[in-house]
Amino acid sequence: MYLRRYQTTDCPQLTQLFFNTVHTVNSKDYTPEQLDAWATGHVDEQQWNRSFIEHFTVVAVEGDAIVGFGDIDETGYLDRLYVHSMYQRRGIATAICDMLEGQAGTRIVTHSSITALPFFKSRGYRVVRQQQVERNGVVLDNFVMEKLKQTV
């Protein structure tokens, strides 16, 4: 597995990986209705591509397959972090997160799913607050989390 910067041609694969990951990995913590609201299968690829380009976006590749991705913006908001369901627990999310955090200033914020909560806690993030967000008329629980990086 290796990491590289995002390329515009990656966008269709990333949106599909997002949909599949939400509907498999997150299915233990969210109802089918919540999963369908979160990942509808219909995304605006132009908007996602623009967001990926504006953010620092990393793609994990194994062989010819994209197996994960993540992005962070200039304010330190870690927006997305997804790893293909068949590649879980192989250190891919850790490698992506290490690279993303390396681009951030002293404070990183993310909105973590219930599923990702233990991962972020293990990396030193703390829960700022639990919240309920509405997606397509359906309420989902998630957590605003932050990590303060040590300064030397």
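**Notes on the fold, rings and charges**

1. Start with L117, which is buried because its relative accessibility is 14% (buried means under 20% relative accessible area, exposed over 50%, partly exposed in between, with a 1.4 Å probe and protein chains only). Keep in mind that this is a predicted model, where local features need pLDDT of at least 70 and side-chain atom pairs count only at pLDDT 80 or more, while totals for chains, interfaces and linings use all residues. Residues are numbered from 1 along each chain as its sequence is written, and side-chain values use heavy atoms, with hydrogens and water left out.

2. L117 belongs to helix α5, residues 117–122 (helices, H or I of at least four residues, and strands, E of at least two, are DSSP runs numbered from the N terminus). Beyond the neighbours within four places in sequence, L117 has contacts with S112, V127, F143 and M145 (contact means heavy atoms within 4.5 Å). With M145, 28 residues away along the chain, the C-alpha separation is 8.8 Å.

3. On to the sheet. It is open, with seven strands in the order β1-β2-β3-β4-β5-β7-β6 and mixed pairing (two strands pair if DSSP finds at least two bridges between them). The edges are taken by β1 (2–5) and β6 (126–135), each with a single partner strand, so one side of each has no neighbour in the sheet. From one strand to the next, the twist averages 25° (axes are lines fitted to C-alpha atoms, for helices over the stretch in contact, and angles run from 0 to 180 degrees between N-to-C directions).

4. Packed on the sheet is helix α1 (residues 11–25), which touches β2 (56–62), β3 (65–72) and β4 (77–83). The direction of α1 makes about 90° with that of β3.

5. F120 is buried at 4% relative accessibility, whereas F119, at 21%, is partly exposed.

6. Y6, F18, W48, F52, F69 and Y82 make up one aromatic cluster. Over the ring of W48 sits the charged end of R80, 4.9 Å from the ring centre (this needs NZ of Lys or CZ of Arg within 6 Å of the centre and within 35 degrees of the ring normal). R80 also has a salt bridge to D71, with closest N and O atoms 2.8 Å apart (a side-chain nitrogen of Lys or Arg within 4 Å of a carboxyl oxygen of Asp or Glu). Both ends are buried: R80 at 8% and D71 at 0%.

7. The whole structure has nine salt bridges. D10 and R4 form one of them, at 2.7 Å from N to O, and both are buried. Another joins E101 and K147 at 2.9 Å. E101 is in helix α4 (residues 92–103) and K147 in strand β7, so this pair ties together parts 46 residues apart in sequence. Through shared partners, salt bridges link D98, E101, R123 and K147 into one network.

Definitions and conventions
Rings of Phe, Tyr and Trp (its six-membered ring) pair if their centres lie within 6.5 Å; planes under 30 degrees apart count as stacked, over 60 as edge-to-face and the rest as tilted.
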